[in-house]
Amino acid sequence: MNKILSLLKACMTSDMNIFKIRQKKDNNKNSFMLPLFLSFVFMFAIWSNANMIFEKLAPMNLQVLVIPLVVFGTSIMVIVEGVYKTGSLLFNCKDDQLLLSLPIKRSTVLFVRIFKFYLFELMFNALFIIPLIVAYLRWADSLEWTFFLTSFVMLLLLPVIPVILSCIIGVITSSISSRFKFKNFTQILVSFVIILGVFLLSMNIDSFIEKIVVHATSINDFIIKLYYPAGVYAKLVTDFNIVDLLIFILINIVLFIITLFILSKFYFKINSRLKNVSTSKSVRIDNLVIKSRPKTISLIRKELNTFFKTPVFIVNAGFSIVLFIIVVIGLCIKYNDVFDLLKSIMPLKVLDSYLSIFIFILISFTAFMTSITNSVISLEGKNINILKSLPINTKTILMSKVYAALSITTIPLIIGDIILFIRFKLSIIEMILLLAFSIIIPLLSHFIGLIMNLKYPKLDFENSSEVVKQSTSSFLSVMIGMLLLIGSVLLISKLIELINPVPLLLIFFGLYIILDIILYLYLIKVSVKRFDELSI
């Protein structure tokens, strides 16, 4: 038992760095403030939406119907989010060699990893369930102490079945992908589908709530029959029975033990296969030819290789590009429907008459939300000293990271521009300016990301997720991009009635060129020194 507790403490101490946003030891309390603040903001949003539904159902005394709905929806998200995390929390862990070399049973190692997985999903689950409980307190007809006992037990045990299912799905997908060269493709594809689904749902939240109210009873009956935990929670809230609660606890414990036993038979074989390096071509040493490439080209290839081999990097940075492509295709196929949907998100009157301005805003949104360079320095990790020791100019190293990021963002943007040019009639000057924006705006975004990452590097990361998704540099880069985007939109809304689209686009072209030059000069004069000072 002591071994398990020690292992769990060591693993959690390491992995909780995901939630830290600063490195200085004298700021340990402040390092959690931003994630804590964002968690409260998210929970407030969930509480507000739950209140909206409770308010609709309260006159009909159907408040309890919300509980199965939220539990079922949260469990689905936990399963999906869990499948996404199995790659980093269960497989390809950095401490594999160390743990497996210790005098510890392999089943103990697997238990610690799955239990650690459960704790992460418990925190994720709590973001939804706690606001539900708080909202229900306001609208419930009557409350007894059993409601709090039931809610506490459910808060602890509701993640168990989703974690089991996500582990099983994750093991199956990992087992399949481990047999192929492109091991991360399945994970990336599933992640993009999930994020797009959540995005589309969030845009139609009002109609979604109305449908829930109209069909609340039938939806509730369906969920209760389909998903056992949701039905048990709703039943215990209205008609508490200690036997039902004990049975639910027992079922979760038994399922967890059975899952642990089954996974122990396959887990380590799959993990071993995932670490194998596969190649599709045979190598003949006797005819070995060494090709020489320019330094910049080699560095760009290295950056692209890092990007496309890091699923969380692709999903986090590539979502806006995928969304851009979908919008472009949608505009070409069903212009009116897609345009009306986008206007509901960006209620600007100018979009009705000026397509070039709309495309400019679309390019700006995609570029500023696709901040790739905010993590490229941190992802070097312990290899940063090796990179610095190469006989390559620091400016060349930094600019190669910008060029690599630019190739990822600009090529899809230009392709999308050309498709829109073919579909819609624009003047030559508008087309030239929009193509130029597809280069200079992503360039500005990448300069910002690289400067922020050099100012707030995180080289001692344990997991790529804590660099790509939770680091200070990634947060600040996205926030600065959003401020620039909002500022551009506000400026357009003020000037469009005074200036025609082409002169307005020329003004923004000049502004972005000036910003690019300023940030480039700052990068080669100030940030180069920061890079030379980095060490781990």
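**Exercise 1. Determine how many salt bridges the structure holds.**

Solution. The criterion is a side-chain nitrogen of Lys or Arg within 4 Å of a carboxyl oxygen of Asp or Glu. By this criterion, the structure holds 5 salt bridges. The model is predicted: local features need pLDDT of at least 70, side-chain atom pairs count only at pLDDT 80 or more, and totals for chains, interfaces and linings use all residues. Residues are numbered from 1 along each chain as its sequence is written, and side-chain values use heavy atoms, with hydrogens and water left out.

**Exercise 2. Identify the side chain that meets Asp 244 in a salt bridge, and classify the exposure of that partner.**

Solution. Step 1: the partner of Asp 244 is Lys 235, at 3.3 Å from N to O. Step 2: residues are buried under 20% relative accessible area, exposed over 50% and partly exposed in between (1.4 Å probe, protein chains only). Lys 235, with 44%, is partly exposed.

**Exercise 3. Trace the salt bridges of Glu 303 with Lys 302 and Lys 401.**

Solution. Step 1: Glu 303 meets Lys 302 at 3.2 Å, N to O. Lys 302 is partly exposed, with a relative accessible area of 29%, whereas Glu 303 is buried at 9%.

Step 2: the side chains of Lys 401 and Glu 303 meet at 2.5 Å, N to O. This pair links distant parts of the chain, 98 residues apart: Lys 401 lies in helix α19 (residues 394–423) and Glu 303 in helix α14 (residues 295–308). Helices here are DSSP runs (H or I, at least four residues), numbered from the N terminus. Both Lys 401 and Glu 303 are buried.

Step 3: through shared partners, salt bridges join Lys 302, Glu 303, Glu 380 and Lys 401 into one network.

Methods: Helix = DSSP H or I, 4+ residues; strand = E, 2+ residues; numbered from the N terminus.
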